[in-house]
Amino acid sequence: MEAMLIVANWKTYVETREEAKKLLASAKRLASVRRVKLVLVPPAPLLGLLAPGNRSKVSFGAQDVSTTTVGNATGEVSAAVLRSIGAKYVIVGHSERRAMGETDAVVAEKVKRVLAEGLTPIVCVGERERDADARYLLGLKQQIGSVFAPLDPKQRLSVIIAYEPLWAIGKQAADSIAASDLGEMVLYIRKVLGNYLPGKAAAKAVVLYGGSVEASNIRGLAGGSNVDGFLVGHASVDPGMFPNLVKALA
Ligand code: PGA
């Protein structure tokens, strides 16, 4: 079995270097847990503090990236900067960024920038709510298609999809998705990916789930769904819970 990917999205929860360093130290201790690969995703300045010179098994990612490559874009953080400080992954199109106005077109542009620097995009997709006619599935298809369609066949192989239904984000394990429903969604996402990737590659594409993953539900979600890993928000900055969450997958 391939290692499960756990992407720790610190969001804006972590605001000091002391806390960031403690969380990294804890992640390093967890890096030896079997069948788990850890990616820490701090706010950009803290990424710049922790990632350079990192030789541990823990990898780093960024929470967002600029669409720009020009020099005169004050305040933007380009993909080249992220690569230069040691990031390997970039979350793109998180629902909290889409809520601030990021469109599918912008997400697609950012994914291109990330790939051009040799980094791996983790593209977040997910419905706000579910309707009885399952129209939300079409919305998901649209989100995935707008990212994959402009890419060439080789680039498409590097994209990770994180399925994050908005109704499940930032709550507790009990409000998360049911493992069987997640299983269906992973199947559906692979089916959509089949429009852009050869069959075998669609079956092997990395599909993550995010939305109230905690220590108490991660094992059930993993076992019942064929998912390749998790994007973890609030539980990833909880020093009491995160080690248990990681060990639950071992
Ligand atoms: P959560 O966040 O684990 O706090 O629900 C997940 C995410 O938004 O990536």
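On a 1 Å grid over the protein atoms alone, a pocket is an open set of points with protein on both sides within 12 Å along at least five of seven lines, a cavity is a set of points where a 1.4 Å probe fits but cannot get out, and lining residues have an atom within 4 Å of a point. Grid points are joined across faces, edges and corners, and a volume is the space filled by probe spheres set on the points. By that rule the second largest pocket holds about 440 Å³.

This is a predicted model, in which local features need pLDDT of at least 70 and side-chain atom pairs count only at pLDDT 80 or more, while totals for chains, interfaces and linings use all residues. Residues are numbered from 1 along each chain as its sequence is written, and side-chain values use heavy atoms, with hydrogens and water left out.

**Pockets**
- The second largest pocket has 20 lining residues, and A44, Q63, D64, V65 and R97 lie nearest its centre.

**Cavity**
- The whole structure has 1 cavity of 30 Å³ or more.
- The largest cavity holds about 110 Å³, and K11, G211, S212, V232 and G233 are the closest to its centre among 15 lining residues.
- That lining comprises 5 nonpolar, 8 polar and 2 charged residues.

**Barrel**
- The 8 strands β1-β2-β3-β4-β5-β6-β7-β8 form a closed barrel with parallel pairing (strands, E, at least two residues, and helices, H or I, at least four, are DSSP runs numbered from the N terminus; two strands pair if DSSP finds at least two bridges between them).
- Strands β7 (residues 207-210) and β8 (residues 229-232) run parallel and are joined by 3 bridges; L208 has G229 in β8 as its bridge partner.

**Aromatic pairs**
- There are 2 aromatic pairs (rings of Phe, Tyr and Trp, its six-membered ring, with centres within 6.5 Å; planes under 30 degrees apart count as stacked, over 60 as edge-to-face and the rest as tilted).
- F148 and Y196 make a tilted pair, 5.9 Å centre to centre with 35° between the planes.
- F148 lies in helix α6 (residues 136-148) and Y196 in the loop between α8 (179-193) and α9 (199-204), so the pair ties together parts 48 residues apart in sequence.

Notes:
Nonpolar A, V, L, I, M, F, W, Y, C, P; charged D, E, K, R; others polar.
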